[in-house]
Amino acid sequence: MRRVAILIVTFGVIAPVSPAARGEQGHGQNFVLVEESRLPLDPSPAGTSTTDVDLVDVDGDGDLDIYKAQGTDGFAGRPDQLLINDGHGHFVDESASRLPPENANSLKVDFGDVDGDGDLDAILANVGPELLLLNDGLGVFTDGSNRLPPPPPLLDDLSPDARFADVDGDGDLDILVSNEIPFPGPFPGAQDRLWINDGTARFSDETATRLPAAIDQTAAMLPGDIDGDGDLDIVVLNRGPEKVLVNSGAGVFTDETEDRFPDTEDSTRAGGLADLDRDGDLDLVTGNSRGEAAAIYFNDGRGVFVAGDFGMTPRPDETIAGLELVDLDGDGDLDVYLSNAGALLTGHGFVGGPDRYFRNNGVGHFVERTPSHFDPPSDPTTDAAFGDIDGDGDLDLVVGNSGENGGERVFVNYPCAGGLCSIRSE
């Protein structure tokens with residue numbers, strides 16, 4: 001069994017774990033993550049990549065399960081996987097009994113209660129038509145994709161991201177679908193889409209009346225109230241200029257990028273909206289590929305973003321495929337974890353490279369602390385998820401990997417006493 005000492009890190013916004021919960025006083029910087037064999041054997045055939053990994057309690061039993069979105073570097077699909085937690089942080093593959101027998105080429109999954117029955121449903125962004133999976137309350141999903149609008153032509157439906165958000169303020173979850181044409185050549189991108197929930201988890205495509213017409217190579221659309229008026233605006237992460245779409249209050253969006261965001265040309269693949277400097281508004285941090293540094297933009301309190309210095313020196317072979325915001329040290333602010341797939345070979349094939357951890361000093365100034373805290377995974381990491389998988393009150397780590405260079409890995413968080421970290425195993 002391979003065991004590697006490494007730190008906690010996350011992708012998305014994870015609720016802070018208090019110092020008291022970790023048995024610490026003040027800032028908690030003494031912790032170690034240890035790789036442990038808690039996952040079942042992966043039956044996926046050659047050519048399968050895990051494109052997204054989520055920790056989520058799908059069966060409502062109080063512990064975190066693992067959902068793996070899987071795909072390929074072409075148009076062929078692969079079955080996703082659902083790994084159920086036994087309550088102690090070990091996982092059993094129950095995909096066959098809990099997921100419909102789909103072979104979609106999936107890129108991203110998001111969870112939310114779309115039908116108001118109190119459990120978590122899922123939307124899957126795919127190469128080709130998206131999938132809506134409806135939960136029966138016990139973690140068994142059925143295909144509800146017939147509730148989605150008809151898909152556009154395939155080359156307008158290469159979707160790296162889909163996520164739930166109540167954009168029109170009516171109390172149910174709508175769906176934002178990001179689209180791109182990622183191939184080299186004369187492909188300019190595709191129109192992002194907005195599907196509105198009628199309150200019964202049936203969706204209509206209202207893109208034409210609610211989103212500005214734009215052909216972009218979009219990696220994700222991040223919903224958040226950037227201007228403090230009580231509704232959800234959207235920051236669009238692009239290969240090329242990012243965009244800021246401001247909500248009218250009724251779910252109709254206007255492009256106000258020119259007045260609210262500096263001109264950018266980054267190859268953005270991931271990002272997060274959160275209050276990074278503790279001044280009460282939402283800032284933005286982005287992870288960029290093609291050897292470009294992560295970037296940070298501070299909100300002036302009115303929804304106008306000013307570029308800051310994230311303090312990252314990029315490596316020429318980095319492909320930042322994912323970004324998580326999480327309070328790793330329990331000091332009440334959000335740190336940044338970047339997943340790095342490394343140099344691109346071809347398709348979904350990457351060489352792999354070390355992930356990177358940047359600690360927030362509390363006011364949005366980040367310093368890389370990777371060597372000080374952990375030996376990071378050097379796999380071709382496409383995504384990661386943080387959560388308390390073993391119920392001991394701290395954050396553990398699951399990483400998802402691309403291509404032929406290894407499967408998923410789990411790192412369990414153990415505390416360090418007196419500043420000395422000892423590697424523990426079961």
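This is a predicted model: local features need pLDDT of at least 70, side-chain atom pairs count only at pLDDT 80 or more; totals for chains, interfaces and linings use all residues.

Leaving aside its neighbours within four places in sequence, which residues is S159 in contact with?

## The surroundings of S159

Once the neighbours within four places in sequence are set aside, S159 is in contact with L107, A125, N126, E130, V177, S178, N179 and R193. S159 lies in the loop between β11 and β12, and S159 counts as buried because its relative accessibility is 0%, below the 20% under which a residue is called buried.

Two side-chain interactions accompany this setting.

With a relative accessibility of 42%, L155 counts as partly exposed, whereas S159 counts as buried.

Strand β28, which spans residues 356-360, is mostly covered, with five of its five residues buried. In a regular strand, the side chains alternate between the two faces of the sheet. In β28, R356, F358 and N360 point one way while Y357 and R359 point the other way, and all of them are buried.

Strand β25 (residues 335-340) runs antiparallel to β28 and is joined to it by three bridges; V336 has F358 in β28 as its bridge partner. Strand β29 (residues 366-368) is likewise antiparallel to β28, again with three bridges, and here the bridge partner of N360 is F366. The strands β28 and β29 form a hairpin with five residues between them, and G362 in the turn has a positive phi of about 110°.

## T264 and the segment at E242

T264 is found in the loop between α3 (257-260) and β20 (268-274), and T264 counts as buried because its relative accessibility is 6%. Beyond its neighbours within four places in sequence, T264 is in contact with G240, P241, E242 and Y297.

For E242, which is 22 residues from T264 along the chain, the separation between the two C-alpha atoms is 6.5 Å. A polar atom of the T264 side chain lies 3.1 Å from the backbone nitrogen of E242.

Note on methods. Residues are numbered from 1 along each chain as its sequence is written. Side-chain values use heavy atoms; hydrogens and water are left out. Buried means under 20% relative accessible area, exposed over 50%, partly exposed in between (1.4 Å probe, protein chains only). Helices (H or I, at least four residues) and strands (E, at least two) are DSSP runs, numbered from the N terminus. Contact means heavy atoms within 4.5 Å. Two strands pair if DSSP finds at least two bridges between them. A polar contact is a pair of N or O atoms within 3.5 Å; within protein, one must be able to donate a hydrogen and the other to accept it, and residues adjacent in sequence count only if both atoms are side-chain atoms.
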